[in-house]
Amino acid sequence: MRTCAERLPRRPPPRFRFRCFSACELGSAVRAALSGCPEGPALPGQKKQQAAGVAPASRPPPPGGAQPRQAAGPARCLTREEPGAAAPLGQTTARAGAVRGLCGGALRGCLLLAGRAQGSRGVAEGTGAGPGLPPAPAMSMERAAGMFTCWGAALGAAVSVPVLFLVAAPYIRRYVAGGQCKSTAKLDGKVVVITGANTGIGKETARDLARRGARVIVACRDITKAEAAASEIRAETGNQQVIVKKLDLADTKSIRAFAEKFLAEEKELHILINNAGVMLCPYSKTADGFEMHLGVNHLGHFLLTFLLLERLKQSAPARIVNVSSLAHHGGRIRFHDLHGEKCYNRGLAYCHSKLANVLFTRELARRLQGTKVTANALHPGSVHSELVRHSFVMTWLWKIFSFFLKTPWEGAQTSIYCAVAEELDSVTGQYFSDCQPAYVSSWGRDDETAKKLWSVSCKLLGIQWD
Ligand SMILES: NC(=O)C1=CN([C@@H]2O[C@H](COP(=O)(O)OP(=O)(O)OC[C@H]3O[C@@H](n4cnc5c(N)ncnc54)[C@H](OP(=O)(O)O)[C@@H]3O)[C@@H](O)[C@H]2O)C=CC1
Ligand SMILES: CC1=C(/C=C/C(C)=C/C=C/C(C)=C/C=O)C(C)(C)CCC1
């Protein structure tokens, strides 16, 4: 018979040790979750991507958009505990440590309570727990003791788990909330365009930039919803320069009309935030016959940026912020079937469009070198917003697990950071998450694909952009 101490090792065995998901693992999980399919065998480039390392958090990313790589080593994902992992070395390690401590503590506490009850059985039974113990009692006593310990353990767990959850809740929330933009930069006299700013991340981004004094153009497809959001922001911030303009990214005519009006009315543009997005749409096409995810999330913003670029250049220093997603890890640019006519999966279609955002940012940044117009992409985190509206299951999961999701305000922090942080003045072609450089998939770092996507996008939109 083993003693209590033997049954409950002080240190959990290595396979139970806390291990944070690395971006590539989480990306694959998101790909699987969004596509509704289990992960298949490793895809080409995946190993390369895993081996490729990440931008160290304490160092600013190198200019020119190059993703820092680690020395070649065995293909595997990094954990936050390892040097070179995506986690910020100071703050997040402490945070991860706190969460790890709490989770470990909770687990240990439960096991300890159960173990204590189990342990008492060992002693009561006298079945050889140690020398000098009394002999085993009658069978009925044994059964009663067994039942007692079983109920004791259940009761212990029933009480301790909710209590421990309540104790851990603020720490879990702080961990989920992620990075926060600390910049106090003011934007008086600056002009900002934000697409899809009537709700979710876009609305919180607009609110923050309005509070900083910017003239904010809320570019939305639904004028009623946009007016409601804009008047709320005006009332709350006292900034009357929050203006609604009609923009439907699923229709190139609407995009052209928006740009024409904007260029006629606004003499400057300092920040363009390509935020609007759709996810998990049933198969549908935009007015111009593009698959909806690609059409709205990538092609619509591609055309909008093209039409507004001269104004950004004239107003430089200026910034373009593309709201992409961790889901880009699951994306591939399927040049042979860009509009999903041969094969369509709505989760994957979203992933592909978010990869297109990353590739567009990369190529745009390269082309804008020396213009003082920067372009960066970002993942806002998993945010409790209306993005999941097209999926009944995701809508309910989002509701049930909302505690573990960012609020729209928390989700807006990285967009705000990319738009205003002084330390990003000359940073371009990068990808951020939680207000720090983050890991880009190997597909997202493929310059050839970025160039090809650029020329294919121009062809589809009937524009010449050299
Ligand atoms: N929420 C999350 O967990 C994550 C979000 N993201 C990205 O963040 C961005 C913002 O999403 P989020 O705030 O969460 O989602 P929401 O659904 O809350 O907001 C999306 C916004 O995009 C607008 N939009 C959709 N289609 C069009 C269109 N055709 N023309 C113009 N505007 C349109 C919506 O307008 P309307 O209200 O009229 O539909 C809405 O304002 C998206 O790009 C998304 O991909 C990335 C990773 C995770
Ligand atoms: C797996 C899973 C969850 C997490 C899903 C995540 C993390 C989705 C991320 C989606 C993204 C990044 C979308 C936008 O780009 C829940 C709902 C918390 C609980 C149920 C199981």
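1. Helices, as named in this note, are DSSP runs of at least four residues, numbered from the N terminus. The structure discussed here is a predicted model.

2. The surroundings of ligand 1 deserve attention at the outset. Its shell comprises 32 residues, and the closest include Asn198, Arg221 and Tyr350, together with Val383 and Ser385. Two helices, H6 (200–211) and H10 (346–367), each contribute at least two residues to this shell. Sorted by class, the shell holds 13 nonpolar, twelve polar and seven charged residues.

3. Several polar approaches to ligand 1 can be listed. In the side chain of Ser385, an N or O atom is placed 2.5 Å from an oxygen atom of the ligand. The side chain of Lys354 has a polar atom 2.9 Å from an oxygen atom of ligand 1. From the backbone, an N or O atom of Ala276 lies 3.5 Å from a ligand oxygen atom. Of the 890 Å² that ligand 1 exposes when taken alone, the protein buries 98%.

4. Strands E2 and E3 form a further point of interest. E2 (residues 215–220) pairs with E3 in the parallel sense, over five bridges. Within this pairing, Ala219 has Lys245 of E3 as its bridge partner. Strand E3 spans residues 242–246 and is mostly covered, with four of its five residues buried.

5. One annotated segment may be compared with the model. An unreviewed UniProt entry carries the annotation "transmembrane region" for residues 148–172. In the model, this span is 100% helix and 0% strand, and its end C-alpha atoms lie 34 Å apart.

Notes: Residues are numbered from 1 along each chain as its sequence is written. Chains are lettered from A and ligands numbered from 1 in the order in which they are written. This is a predicted model: local features need pLDDT of at least 70, side-chain atom pairs count only at pLDDT 80 or more; totals for chains, interfaces and linings use all residues. Side-chain values use heavy atoms; hydrogens and water are left out. A residue is near a molecule or strand if one of its heavy atoms lies within 4 Å of it. A polar contact is a pair of N or O atoms within 3.5 Å; within protein, one must be able to donate a hydrogen and the other to accept it, and residues adjacent in sequence count only if both atoms are side-chain atoms. Accessible areas come from the Shrake-Rupley method with a 1.4 Å probe; for residues, only the protein chains shown count as cover. Ala, Val, Leu, Ile, Met, Phe, Trp, Tyr, Cys and Pro count as nonpolar, Asp, Glu, Lys and Arg as charged, and the others, Gly among them, as polar. UniProt positions are given in the numbering used here, feature names are shortened, and annotations may be inferred rather than shown by experiment. Buried means under 20% relative accessible area, exposed over 50%, partly exposed in between (1.4 Å probe, protein chains only). Two strands pair if DSSP finds at least two bridges between them.
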